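Here's a quick briefing to read with the model open in your viewer. Take a look first, then work through the notes by topic.

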Amino acid sequence: MKLRHLLPALLLLAAPAMADGSAEICAEAEERYVELFGQPSSAVEDAEVVLMYKYNFCPFELTVKAGTTVRWVNVDKRTSHSVLLKDGSEPESDRLFPEETLDLTFLTPGPQDYLCGPHWETQNMIGMITVEP
């Protein structure tokens with residue numbers, strides 16, 4: 001219950017902070033993805049990829065069409081992360097350890113805020129997906 005009340009305010013606070021250093025962090029995350037998987041994340045054809053790296057979701061914001069699968073990929077070297085949808089439509093994922101993935105397909109249009117269960121409070125690890133019809 002507490003999380004539902006805090007998340008909108010945290011998202012507003014996180015957006016400007018993410019914009020400052022996220023480009024560099026996300027570029028590093030992409031380099032790490034290529035190192036691990038041998039191709040850029042944009043080459044994935046069956047999903048939109050969100051990288052988890054240095055307590056960030058890359059990209060922080062993503063817009064997809066209804067029916068799109070989003071694949072979270074942990075490209076950190078040692079840290080595990082999870083995905084927790086704010087609306088509670090899915091249970092929090094298991095911890096994703098380095099090189100592990102999670103796929104979720106989004107069917108309902110609208111905004112979908114999410115976070116990393118273990119790192120949203122201490123590291124501000126929050127993301128947003130907008131699902132279009």
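Let's start inside: Tyr33 is buried, at a relative accessible area of 6%, which puts Tyr33 under the 20% cut-off for that label. Keep in mind that this is a predicted model. The protein chain has 133 residues, and 43% of them are buried.

- How many aromatic pairs turn up in the count? There are 4 aromatic pairs.
- For Tyr33 and Phe37, the ring centres are 4.7 Å apart and the planes meet at 40°, so this pair is tilted.

**The overall layout**

- You'll find 2 helices and 8 strands in the protein chain.
- Going along the sequence, they come in the pattern α-β-β-β-β-β-β-β-α-β.
- Take the contacts between residues at least 6 apart in sequence: 60% of these join residues at least 24 apart.
- The protein chain exposes about 7300 Å², with 51% of that coming from carbon and sulfur atoms.

**The sheet with S1**

- S1 (residues 48-53) pairs with S2 in the antiparallel sense, over 3 bridges.
- If you want a bridge to look up, Tyr53 has Asn56 in S2 as its bridge partner.

**The sheet with S7**

- Another open sheet of 4 strands runs in the order S3-S8-S7-S5, and its pairing is mixed too.
- Its edges are strand S3 (61-65) and strand S5 (84-85), each with a single partner strand, so one side of each is left without a neighbour in the sheet.
- S5 and strand S7 (residues 110-115) run antiparallel and are joined by 2 bridges.
- In that pairing, Leu85 stands opposite Tyr114 in S7.

**An aromatic cluster**

- Which residues form one aromatic cluster? Phe57, Trp72, Phe106 and Tyr114 do.
- Both Phe57 and Tyr114 are buried.

**Around Thr101**

- Thr101 belongs to strand S6 and is partly exposed, at a relative accessible area of 40%.
- How far apart are Thr101 and Trp72, C-alpha to C-alpha? In space they are 5.4 Å apart, and in sequence 29 residues apart.
- Setting aside neighbours within four places in sequence, Thr101 is in contact with Arg71, Trp72, Val73 and Leu96.
- One of those contacts, Trp72, is also a member of the aromatic cluster with Phe57, Phe106 and Tyr114.

Conventions: Residues are numbered from 1 along each chain as its sequence is written. This is a predicted model: local features need pLDDT of at least 70, side-chain atom pairs count only at pLDDT 80 or more; totals for chains, interfaces and linings use all residues. Side-chain values use heavy atoms; hydrogens and water are left out. Buried means under 20% relative accessible area, exposed over 50%, partly exposed in between (1.4 Å probe, protein chains only). Contact means heavy atoms within 4.5 Å. Accessible areas come from the Shrake-Rupley method with a 1.4 Å probe; for residues, only the protein chains shown count as cover. Two strands pair if DSSP finds at least two bridges between them. Rings of Phe, Tyr and Trp (its six-membered ring) pair if their centres lie within 6.5 Å; planes under 30 degrees apart count as stacked, over 60 as edge-to-face and the rest as tilted.
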